[in-house]
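Hi,

Here is the structure I promised to pass on.

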Amino acid sequence: MQKISRSLLATLVLSSVSVGVQAKDITVMISGGFKAALEKLAPQFEAKSGDKIILVSGPSMGKTPQAIPARLARGEKADVVIMVGGALENLEKDNWIQPGSRVELADSPIGMVVKQGDSIPNIEKTADLRHALLHAKSIAYSDSASGRYVSSQLFKKLGIEAKLQEKTYMIERIPVASEVAKGKYELGFQQVSELLPVPGVTFIGELPEDVQYITRFAGAITARAEHRQGGKALLDFLSSAQAQKVIRATGMRTVKAEQPVN
């Protein structure tokens, strides 16, 4: 009986060690627009796969050291990158991405917030949005894809670019809504999925469709990935119908083939 107990104990120990050896840390470099979705979905994937997701946050583009291209360029390790599709294309051209590994994940619209408790402007129609911008004391936007559109195209489309020059501000790296919540700026623009998780602000809504800008988020396996199979499993999971329900709840849209994206 004692021999059987020892044998059973040894088997259990070996089994535990085997599981530990098989489990992997999947390092994901991720930009803010998709981060809220992955944080919600990570426990499901980890429970199913046995692997653990390690998140490394950074903008898809820009000049800050935290930007994903900058992190990769100085040798930081990652198995997967999830970021703005256009910026991912640049990484592909520079051979940072494993060929053929790109997976389309979600489309992200731009929205607007004000500090919680402030008056709520109407931006349902383009004329309403124009009026709100003209009468705002200050306007903030990000240094990523959404902010570049707001500053270089949206204001021009509305015909008010010159009138807004002295009251618009680009926010680097940190969520725009966090600065609006502190009262530093009256209006804040960023992708909806980056606005919704921030406390202290009121989400007003998405831009009107005729001036909306859709950003595609996609993921890929890095060229130097240590855990390629685990990374692929994660991307397959995130693009599944099960995961898309959670992704839509964070303010993004399921990818549609006919949807024009940037």
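Predicted model: local features only at pLDDT ≥ 70, side-chain atom pairs only at ≥ 80, totals over all residues.

D107 stands opposite R216 of β10. The strands concerned, β4 and β10 (residues 215-221), run antiparallel and are joined by five bridges. Strands here are DSSP E runs of at least two residues and helices are H or I runs of at least four, both numbered from the N terminus; two strands pair if DSSP finds at least two bridges between them. β4 is also mostly covered, with five of its six residues buried (buried is under 20% relative accessible area, exposed over 50%, partly exposed in between, with a 1.4 Å probe and protein chains only).

Local features need pLDDT of at least 70 and side-chain atom pairs count only at pLDDT 80 or more, while totals for chains, interfaces and linings use all residues, and side-chain values use heavy atoms, leaving out hydrogens and water.

Back to the sheet. It is open, has five strands in the order β2-β1-β3-β10-β4, and its pairing is mixed. β2 (52-57) and β4 (103-108) are the edge strands with a single partner each, so one side of each has no neighbour in the sheet. From one strand to the next the twist averages 20° (axes are lines fitted to C-alpha atoms, with angles from 0 to 180 degrees between N-to-C directions). Elsewhere in the sheet, β1 (residues 25-30) and β3 (residues 80-84) run parallel, joined by three bridges, and M29 has V81 in β3 as its bridge partner.

For the chain overall, I get eleven helices and ten strands. Buried residues are 46% of the 262. Of the contacts between residues at least 6 apart in sequence, 78% join residues at least 24 apart (a contact is heavy atoms within 4.5 Å).

S193, in helix α9 (residues 192-195), has a relative accessible area of 1%, so it counts as buried. Its side chain reaches the backbone oxygen of G33 at 2.5 Å. Leaving aside residues up to four places away in sequence, S193 touches G33, A36, S108, T250 and M252. The other is S178 in helix α8 (residues 176-181), whose side chain reaches the backbone oxygen of P175 at 2.6 Å. The C-alpha atoms of S178 and V198 are 6.4 Å apart, although 20 residues separate them along the chain.

What lines the largest pocket? There are 27 lining residues, and S31, G32, R173, P175 and E194 lie nearest its centre. (On a 1 Å grid over the protein atoms alone, a pocket is an open set of points where a 1.4 Å probe fits, with protein on both sides within 12 Å along at least five of seven lines; lining residues have an atom within 4 Å of a point.) α2 (32-49), β8 (187-191) and α9 each supply at least two lining residues, and α2 gives the largest share, five.

R173, in the loop between β7 (168-171) and α8, has a positive phi of about 70° without being a glycine; at 47% relative accessibility R173 is partly exposed. N95, in the loop between α4 (85-93) and β4, is likewise a non-glycine with positive phi, near 65°, and N95 is exposed at 60%.

Cheers

Conventions
Residues numbered from 1 in each chain as written. Polar contact = N/O pair within 3.5 Å; in protein donor to acceptor, adjacent residues only side chain to side chain.
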